[in-house]
Amino acid sequence: MAVEMTINGLPCRSTADPACRLLDVLREEFGLPGTKEGCGEGECGACAVLVDGQLANSCLVPVGQLEGAAVTTIEGIPANSPVAQAFLACGATQCGICTPGMVMATVALLQDNPRCTREDVRRGLSGNLCRCTGYARIYEAVLQAAGDLPHD
Amino acid sequence: MTEWRRPRHLREALELLGESPDRYRIVAGGTDVMVERHLHPENAPAGWLDISGLSELRGIARLETGELRVGAMTPLSAVREDAAVRESWPLLAASAAVTGAPAIQNRATLGGNICNASPAADNPPVLLAYGAEIEIASAGGVRRIPYSAFHAGYRRTVLGQGEMVTGLWLKPVPRGSRQYFRKVGTRAAQAITKVGLAAVVPFGPDGTVRGARFGFSSVAETPCLARTTAAALEGRSPLAVPSGEIGALLEQDIAPISDLRSTGAYRRQVAARLVREALQAGHFQ
């Protein structure tokens with residue numbers, strides 16, 4: 001059984017075991033190591049990607065479910081995109097393991113709710129853990145990307 | 001390579017299950033079974049029956065009878081956002097919104113949360129409090145039973161060979177009922193519940209309790225109804241129930257254990273306080 005899907009807009013055909021995690025398919029079959037494994041249990045969000053535009057933990061998605069799906073990973077987010085630029089400008093990263101998942105959660109949140117409040121941000125990123133530091137700069141980056149922060 | 005079956009029609013799925021019920025493990029959203037597969041690869045099944053392609057099992061419909069049917073494959077994000085659920089069964093929207101976090105809610109399904117049969121699951125207390133019914137199908141037909149009869153023991157259900165859950169049915173809530181949901185955990189998102197309570201408390205014209213239902217998580221080997229407590233409160237004013245009495249009544253209904261998340265003593269205390277809060281100030285949290 002092979003699964004045909006698109007990854008970051010490119011048609012891809014996975015011949016991995018259908019019960020295999022999308023996370024492993026991305027990293028090992030397609031050489032996209034930007035998606036990180038944190039806990040492997042859906043607790044930390046480091047492996048978050050978009051599946052058909054919806055945020056999902058790739059460690060919990062069996063590739064057998066993805067026939068015809070559109071997957072977006074951190075490699076599909078351009079460095080000059082508003083979200084990536086806001087993370088850079090706000091210093092919203094430290095060791096970097098959580099960053100791809102944080103960015104993907106932000107992309108998903110802003111797509112559904114471009115005028116989000118700080119409370120929306122807290123909820124939207126609630127499944128993404130950062131173990132280096134606090135979340136203040138990350139939340140600032142999301143709000144800046146949303147254009148909600150006053151610029152002075 | 002693992003056998004992976006992804007039928008497009010319910011009938012086909014039920015026939016596969018009927019032919020070889022022990023062969024397949026059902027996967028819906030995958031958020032529980034994929035964790036199990038990763039932690040215990042030695043327990044992997046011979047085949048997977050992927051029901052995520054069964055559009056018949058997705059969706060929420062309000063019927064002319066006033067009942068609500070939620071398809072078993074409906075993701076929790078859709079339950080959380082549904083207008084009818086939010087308006088008339090708000091506890092279900094509240095429990096869906098605190099099951100994991102958004103990435104989980106986009107994949108995890110209501111049926112899966114129930115069939116995984118964890119005593120700590122977040123949606124079962126609400127279904128118990130609403131007196132929901134569960135729709136179960138096999139190649140031989142469909143049956144509906146009270147959800148309160150679904151859990152048979154620790155992580156066991158009454159599902160027979162070749163059966164699967166296809167939907168949940170909710171009745172309208174009596175007007176003027178107080179509704180309450182609270183999940184107690186280490187943090188708001190992702191945490192596995194230490195104690196959870198969903199309560200529906202209808203009142204008679206004289207302000208006394210009439211037919212209250214208290215659904216708990218994480219205080220027994222299955223999600224459970226506090227039947228003794230509810231019976232003892234019948235016909236009484238909620239303000240006239242001493243808090244010590246609630247704790248004593250709950251001893252008949254719950255049997256919390258000490259584990260890595262909490263202690264039995266803490267769970268008993270919190271359970272009693274949640275019931276008191278539900279009686280005095282219904283809200284959602």
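## Salt bridges of chain B

B:E251 is partly exposed, with a relative accessible area of 41%; this class lies between buried (under 20% relative accessible area) and exposed (over 50%), for a 1.4 Å probe and protein chains only. The side chain of B:E251 meets that of B:R268 in a salt bridge, 2.7 Å from N to O. A salt bridge here is a side-chain nitrogen of Lys or Arg within 4 Å of a carboxyl oxygen of Asp or Glu. B:R268 belongs to helix α11 (residues 264–280) of chain B and B:E251 to the loop between α10 (243–250) and α11, so the pair ties together parts 17 residues apart in sequence. Helices (H or I, at least four residues) and strands (E, at least two) are DSSP runs, numbered from the N terminus. B:R268 is also partly exposed, at 32% relative accessibility.

A salt bridge also joins B:E67 and B:R144, with the closest N and O atoms 2.9 Å apart. B:E67 counts as buried at 18% relative accessibility, whereas B:R144 is partly exposed at 36%. Over all chains, the whole structure holds 20 salt bridges.

## Basis of the model

The model is predicted: local features need pLDDT of at least 70 and side-chain atom pairs count only at pLDDT 80 or more, while totals for chains, interfaces and linings use all residues. Residues are numbered from 1 along each chain as its sequence is written, chains are lettered from A and ligands numbered from 1 in the order in which they are written, and side-chain values use heavy atoms, without hydrogens and water.

## Interface of chains A and B

In chain B, 27 residues are in contact (heavy atoms within 4.5 Å) with 30 residues of chain A. The two chains bury about 2,300 Å² between them, 55% of it on carbon and sulfur atoms; buried area is the accessible area (1.4 Å probe) that two parts lose on being put together, summed over both. B:W4, B:M34 and B:R107 supply 26% of the area that chain B buries against chain A, more than any other three residues.

Zero salt bridges are found across this interface.

## Helix α3 of chain A

Helix α3 (residues 99–112) of chain A has 14 residues. Twelve of the 14 are buried, so the helix is largely enclosed by the rest of the structure. The buried residues include A:M102, A:M104 and A:L109. Among the elements of chain A that cover them are β3 (48–51), α2 (82–90) and α5 (136–145).

Notes
Expected span 1.5 Å × (residues − 1).
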